[in-house]
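I opened this entry to keep track of what I looked up, item by item, before I forget the order. The model comes first, and my notes follow it.

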Amino acid sequence: MKHVLRRGLPLCAAAILAVSLAGCASDGAKLSSTGSNAPEVIAGASLPGEPLTQAEVDHYLAKIEQNLTEERTGRAPEPSSFERIRAFAEADDGKAFYMINLVRENDTPQYPDWWMGQRAETVLEAKKLYSAACAPKMAAAGSSSLTGVTLAGDAVLTDDEDMEPWDQFYLISYPNRKAFLQLLASDEYADAVIHKYAGDKDTQLIPVSAGTIAAQKEFAEGTPLTQEQVDDYMARYQANLTLERTGHPTNEATVERIRTFLETDDGKPFLMINLVREHDAVTYPDWWTGQRAETVLKAKMLYSAACGPTMAEAGSYSTLGVMTAHDAVVTDDDSLEPWDQFYLIAYPNREAFIKLLASDPYADAIVHKYAGDKDTQLIPVSYAQIASPYAQA
């Protein structure tokens, strides 16, 4: 693990350090200069705001499969990659969406032995080469970065205890799914992806519905937690979250993840990625005699209503609200189950986070969260102001 949480690095081309497909490398030629940013004319194309037509889906997928061949990229994409992209395209609703990008980087650029083109000397330089080539296509399509590049840490909560830490997170706004397909189908992307994969060893792309951006708060850097404070909060957390009170036994691996996160505190604000899988119906312990929600949504609302005041008092807030998640369009883990929801919480510091987890309202209400959610993954990332995709230059 490199770091539990690191300071974000503003990159001028952050908006396009966002897309990838299973495939890296190129045929050794210089980046194509024949690509055009003008939209293609496709018979039977959809109008703005309308879902992609089947003709468009077939057209873009054919180009993607034609471009991203082993002969051109040096790696044969898994068939599931094309299947995931096609499924996403064919389920188009014509609406804008955001794309979660989670990235694990190589320590140094990794180019194929046969590559005769330009070689970046650092991972950052490799990703900038990729960005420079793809930027015009994304800008022409109206895509933008909401967060820039933020640096990710180890998950503080996950059912996948073998999950490697991510290095970076960014959130990209797309005006529609057509814009995403146009990029993947472009010659610029096919010729430049070698640089992305020289820098990044793993990328996961998860599309989510476009959420409303909350008014941003200004956070001042604080003082890191002392060891005495960490021990006190962790003792309260463990004493509160008993099987008898919450319906779930304490997960020792989660306790250690939270403790590590607190003991590496830098006193700075951060964002917490929340990825959630829901139950189909509410699931309470048989012995539970308290209030029972009738639906998953109502169970989660009970949990939120109980915890909201504690979060607000600490200065924490939801930056984007709750967004509907879709199946990943790019992942190296084909067994990955789709997430149902994504939200991004801003915390002024790590003490605000543990204050919530160690509070009585949290301990008393978490039974409702467990009743509604079967799996939650929390990944901390360095703080970033959320930029509106519709802001005027």
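I began with pLDDT, which is the predictor's confidence in each residue, from 0 to 100. The mean pLDDT of this protein is 87, and 87% of its residues reach 70 or more. Over residues 1-35 the pLDDT is below 50, although this stretch has 130 contacts in the model beyond near neighbours in sequence; contact means heavy atoms within 4.5 Å.

I noted the ground rules too: this is a predicted model, in which local features need pLDDT of at least 70 and side-chain atom pairs count only at pLDDT 80 or more, while totals for chains, interfaces and linings use all residues. Residues are numbered from 1 along each chain as its sequence is written, and side-chain values use heavy atoms, with hydrogens and water left out.

**Two helices**

Helices (H or I, at least four residues) and strands (E, at least two) are DSSP runs, numbered from the N terminus. I looked up helix H3, residues 79-90, whose 12 residues reach 17 Å from the first C-alpha to the last, close to the 16 Å expected at 1.5 Å a residue; the expected span is 1.5 Å times one less than the number of residues. Buried means under 20% relative accessible area, exposed over 50%, and partly exposed in between (1.4 Å probe, protein chains only). By that rule Ser-80, Ser-81, Phe-82, Arg-84, Ile-85, Phe-88 and Ala-89 are buried in H3, and what covers them includes helix H1 (54-67), strand E1 (97-105), helix H5 (177-184) and strand E5 (200-209).

Helix H9, residues 252-263, also has 12 residues, and it reaches 16 Å, close to the expected 16 Å. At its start, a side-chain oxygen of Asn-251 comes to within 2.9 Å of the backbone nitrogen of Ala-253. I listed Thr-254, Val-255, Arg-257, Ile-258, Arg-259, Phe-261 and Leu-262 as the buried residues of H9, and they pack against helix H7 (227-240), strand E6 (270-278), helix H11 (350-357) and strand E10 (373-382).

**One histidine**

Next I turned to His-195, which is found in helix H6 (residues 187-199) and counts as buried because its relative accessibility is 2%. Its side chain is joined to that of Tyr-111 by a polar contact of 2.8 Å; a polar contact is a pair of N or O atoms within 3.5 Å, where within protein one must be able to donate a hydrogen and the other to accept it, and residues adjacent in sequence count only if both atoms are side-chain atoms. Leaving aside neighbours within four places in sequence, the contacts of His-195 include Trp-115, Gln-118 and Leu-129.

**Rings**

Rings of Phe, Tyr and Trp (its six-membered ring) pair if their centres lie within 6.5 Å, and planes under 30 degrees apart count as stacked, over 60 as edge-to-face and the rest as tilted. I found 16 aromatic pairs in the structure. The rings of Phe-219 and Tyr-317 have centres 6.1 Å apart and planes at 50 degrees, so that pair is tilted. Phe-219 lies in the loop between E5 and H7 and Tyr-317 in strand E7 (residues 317-318), 98 residues apart. The rings of Phe-270 and Phe-353 have centres 6.5 Å apart and planes at 80 degrees, so that pair is edge-to-face, and it links strand E6 with helix H11. Finally, I noted that ring pairs link Phe-88, Phe-97, Tyr-174 and Phe-180 into a cluster.
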